[in-house]
Each structure stands twice: as structure tokens, then as C-alpha cells.
Amino acid sequence: MRHPGGRISNLALLLALVLAFATGAGAVAAGTPRGRWVVIAHGVAAMLVILLIPWKTRIVRAGVRRHKIGRWASLTLAALAVVTLLFGLGYTTGLVREVGGIRGMWLHVAAALTLVPLLLWHLVARRVLPRRTDLSRRTLMRTGTVAAAAAALYAVTTAVVELTPTPGRRRRFTGSYEVGSFQPRTMPNTIWLNDTSPPVNPATWRLTVADADGTRTWSLPDLSRQTVTRRELLDCTSGWYSEQDWTGVPVSTLIRRVGAARSLLVHSVTGYWIRLPVADLDTLLLATEVGGTPLSRGHGYPLRLVAPGRRGFWWVKWVDRIELQDTPWWWQPPFPMR
Ligand SMILES: Nc1nc2c(c(=O)[nH]1)N[C@H]1C(S)=C(S)[C@@H](COP(=O)(O)O)O[C@H]1N2
Ligand SMILES: [Mo]
């Protein structure tokens, strides 16, 4: 029989990890200040995990002796959890922003994702199941206390980062650091998973626009006759942001009739695509230039989407087709596919 206190600690840790995952995924999606609370909740969840480490350590000490099989998998899981925490803390405080030339935010996400299958296995192998008696007054009181302590720890950490000269205080509310604003040449190129920069022939390039009135194509010279310039901020989920002056065609001038459409599909010549709500139509821009010069190939030449208030992965590069559809915008994988 395991000590009941151990059971509760295990459940609390599991809850904290699930919370950390959910809010982590949410933080990656947050683009406007309205989404700030998800990022804060992610920080509090991390503190909750940290506070539960001493309890868990006691359980692990006993368990390592008892469970011969799967011991190494469990220890790997624990190590990954600690590594995830360290990369997260390193990035938010700015004390360790990269390791071996790789951005700490990537490493944080990669470690967290590697941990998932191990955690699922661990849950099945060790069978942590809640019981009705877990919901006693005492446990609820304790849970409340630990949650309050986590929030306090988060507040103190944030205050320390803000009040001391740690680089972390220069972050945006999403957690991202500024890179290469108004200097497009020093702005990073970010390519999702296995996408590639395609070679483009500007003479034959066409943008296909499909709306309620049918399908038309535009050549690059046609498009560059109706451009505007807007200052917008690109915030990549890998932890950097950059503000630039983007010149391009407002998507609303290319669409003749929306009809009953609910979403706009924006497609890249590479196969990458994303679906946006029609409510966004008025703010979207198909940029041909950044900082007064044509886009570089890495930044999406000849045409890339500028999606104000949305995280970088919405800013489709090398756009060859936009299409109004009746499908709701949320009918798509949570992150882009190609
Ligand atoms: N076709 C295509 N568009 C894309 C991507 C991609 O991999 N393929 N990456 C996205 C991501 S994750 C970001 S952050 C921005 C980065 O834009 P940049 O490389 O111009 O800085 O492009 C977005 N558009
Ligand atoms: Mo990104």
C-alpha cells in the first residue's frame, strides 16, 4: 500500500503537468494582449510543478527501489521535466536564451513534447487514478494552499525579473524578445518543420483569388499597382518578435464578394496553408516588400501574408492562392501542415 499522501501528490503533479501543457499550447497561440492570461497561467503552472518537486522526490526515492522495470523510463521522464523547466526559466529570465546556437524556446517545447509519450506510459504503468475520497476537505484546502503559493512564487519571480537588469524584462507579453525591428535583413527566417524556401520566377508567378464571384489571377506587376504600407509586428512562437513596415495589397481589395463564406484559406506554393476567419479580411495584407525593399526569398518572396495580431505561423510565405470558403476557420489542424 502506498501512503495516501503520495497518491495525492502524484495527482497534484499530474494536474499541474496537464495545466502546464494546456496553457503552454495556449501561450503559443496568443497573439493579442487579450491572450496574456494564458501566458501568465503557464507561468503559474510551472511554479506549481516546481513546488511539487520535493514531494515527488520522496515518492521517487521509494519507487525506484520497488519498480525495477521501467525505472529508467521514469527517470528519463523526470529528467525531461526538469530540463523543460530549466529551458523555460532560462528563456523567461533571459539568463539562458540559447544552447548550442538553438533558441531556448525551441528546446523548451521540444523537451516538453518528448515528455508526453513517456508521461502517458508512466500513467498507464503506475496507474494513478483519482478516488472519491481524494476530494476531502483537507485535500481541497491543501490544493488551494499550494495553488496560492504557486501564484505567489510566480508573482515574486516576475517582479525580480522586472526590477533587476535581467534581459527577461525586455520581453513582450507573449514571452518573445525583440530581434531586427526595422532591419528586415537581420530578422530571422523561420520555417516550419520540413518546409523549404521555393525558387520563384517572378515573370510567371500568379496569385489565384477565389471568392463568391469566381476565380481570378493576378500577376506581380498587377498587384504592386495597388499597395499600401503598414507597420506590423511578427511574433514567432519560437520566442522572438520583429516590427517592420510592410508594403502590399490589402486582401480586402482583392476580394469582390464574400457571400456566405466563413473563412479565407491562404495557401503557399510549398503546400503550407492556414485558414483565417472572414472577420480578419479587413486587416490582412499580402506583402511584396518589407522596409521599402522586395521581400527576400527567406521572408516569402514574392508574396507573404501579414496577419496583424496573430502569431508568426499565420503569416504564410510564398502565397500563391487565397480562397474564400464556407468552412469555419477553426476547421484545421491546431498548427499548420503542408
Ligand atoms: N510557407 C510557409 N510560411 C510560413 C512558414 C513556413 O514554414 N512555411 N513559417 C511561419 C512561421 S512559424 C513564422 S514565425 C513566419 C516567419 O517569417 P520570417 O521567416 O519572414 O521571419 O513565417 C510563417 N510562414
Ligand atoms: Mo514561427
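View 1. The chain is divided into domain 1, residues 6-175, and domain 2, residues 179-325. Please keep in mind that this is a predicted model.

**View 2. Where domain 1 meets domain 2.** Let us turn to the interface. On one side, 12 residues of domain 1 take part, and they are in contact with 11 residues of domain 2. Between them, the two domains bury about 1000 Å². Of this buried area, 55% is on carbon and sulfur atoms. One salt bridge is found across the interface of domain 1 and domain 2.

**View 3. A salt bridge between Asp 235 and Arg 172.** Here the side chains of Asp 235 and Arg 172 are paired in a salt bridge. The closest N and O atoms of the pair are 2.6 Å apart.

**View 4. Phe 182, a non-glycine residue with positive phi.** Phe 182 is not a glycine, yet its phi is positive, at about 60°. To find Phe 182, look in the loop that runs between β3 (177-178) and β4 (206-211). Phe 182 has a relative accessible area of 39%, so it is partly exposed.

**View 5. Trp 318, a buried residue with positive phi.** Trp 318 is another residue to look at for its backbone: phi is positive here, about 55°, although Trp 318 is not a glycine. You will find Trp 318 in the loop between β12 and β13, the latter spanning 319-325. Is Trp 318 buried or exposed? Trp 318 counts as buried because its relative accessibility is 2%, and the cut-off for buried is under 20%.

**View 6. The cis peptide bond at Pro 302.** The peptide bond that leads from Tyr 301 to Pro 302 is cis. Its omega is near 10°. Pro 302 itself sits in the loop between β11 (293-294) and β12 (304-306).

**View 7. A nonpolar patch on the surface.** Three residues, Leu 95, Val 96 and Val 99, form this nonpolar surface patch. Together they have about 260 Å² of accessible area. Val 99 belongs to strand β1, which covers residues 98-99. With a relative accessibility of 39%, Val 99 counts as partly exposed.

Conventions
Residues numbered from 1 in each chain as written. Chains lettered and ligands numbered in written order. Predicted model: local features only at pLDDT ≥ 70, side-chain atom pairs only at ≥ 80, totals over all residues. Heavy atoms only, no water. Helix = DSSP H or I, 4+ residues; strand = E, 2+ residues; numbered from the N terminus. Buried < 20%, exposed > 50% of the residue type's maximum accessible area, 1.4 Å probe, protein only. Patch = residues over 30% accessible without salt bridge, like charges linked within 9 Å, V, L, I, M, F, W, Y side chains within 5 Å. Areas by Shrake-Rupley, 256 points an atom, 1.4 Å probe, with all protein chains shown as cover. Salt bridge = Lys/Arg side-chain N within 4 Å of Asp/Glu carboxyl O. Domains from an automatic or database assignment. Contact = heavy atoms within 4.5 Å. Buried area = accessible area lost by both parts, 1.4 Å probe.
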